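Please read these notes with the model open beside them.

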Amino acid sequence: MSTEVTPTRARPPQSRRLRLKRWMRTQRYIIRQYPHVNAAYRVAVAVIGTAMILAGIVMVPLPTPGFGWVMIFAGLGVLSTEFAWAHRITHWLRKWLHILTTWYSRRSWPAKVGLIVVVTVLILVILWLAGILGTSGDWVGYHRDWLHGPFRSH
C-alpha cells in the first residue's frame, strides 16, 4: 500500500511590498466598479497630490535642503497613480535620472569630485543670491550682512 504524493508547486515567498501592492491593486479594481466612488477617489488623489506639490513648492526656498523637492516628487508620484499626464512626467523624470546617473557613474573619481564641488558652489551661490544664507545665519546667531546677498537688505 503506497500512497502517492502529487508534487505541489511551492510558491516562492512574497515580499511584504509585493503583497501590499497586490492588495492595493485589488482594492483599486473594486473601486473602479462603482463610478461615484471612483470619481470621489480620483478627486481625493488629485487634492492630496496637488496639496503635496504646493507644500513642496512652499518648502523649496526654506533652509531645509531638499525636503521641498522630495514633497514635489512625492506629490507627483501620488498624482501619477491616477492620471496619465502625471505618469508621463514621472516616467520622463525617471528616464533622465537614469541617464544622468549612468553618465555620472562612468566618470573618473577626480571628475566626480569636481562635479560635486561645482554643484555645491552653484547651490551656495543661488542660496546667497536669494538671501537664504543670511536667514539661516540669523537663526543660529551668525549675523553678517554679506550673507543676505546683493538683493536683500538686512
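The points below go through these topics in turn.

1. This is a predicted model, in which local features need pLDDT of at least 70 and side-chain atom pairs count only at pLDDT 80 or more, while totals for chains, interfaces and linings use all residues. Residues are numbered from 1 along each chain as its sequence is written, and side-chain values use heavy atoms, leaving out hydrogens and water.

2. The largest pocket holds about 560 Å³ of space. Its lining has 17 residues, and Lys21, Met24, Arg25, Arg28 and Thr81 lie nearest the centre. Helix H1 (16-32) and helix H2 (35-59) are the elements that give two or more residues to this lining. H1 gives the most, with 11 residues.

3. Which residues does H4 bring to its contact with H5? Trp103, Tyr104 and Ser105 in H4 meet Lys112, Leu115 and Ile116 in H5 (contact means heavy atoms within 4.5 Å). Helix H4 (residues 84-105) and helix H5 (residues 109-130) pack at an angle of about 130°, and their axes are 9 Å apart. H4 is therefore oblique to H5 (under 35 degrees is roughly parallel, over 145 roughly antiparallel, 65 to 115 roughly perpendicular, and the rest oblique).

4. The whole structure has 3 aromatic pairs (rings of Phe, Tyr and Trp, the last by its six-membered ring, with centres within 6.5 Å). Trp92 and Trp96 form a tilted pair, 6.4 Å centre to centre with 55° between the planes (under 30 degrees is stacked, over 60 edge-to-face, the rest tilted). Both lie in helix H4, 4 residues apart, about one turn of the helix.

Notes:
1 Å grid on protein atoms, 1.4 Å probe; cavity = no way out; pocket = protein on both sides within 12 Å on 5 of 7 lines; lining within 4 Å. Points joined across faces, edges and corners; volume = space filled by probe spheres on them. Axes fitted to C-alpha atoms, helices over the stretch in contact; angles between N-to-C directions.
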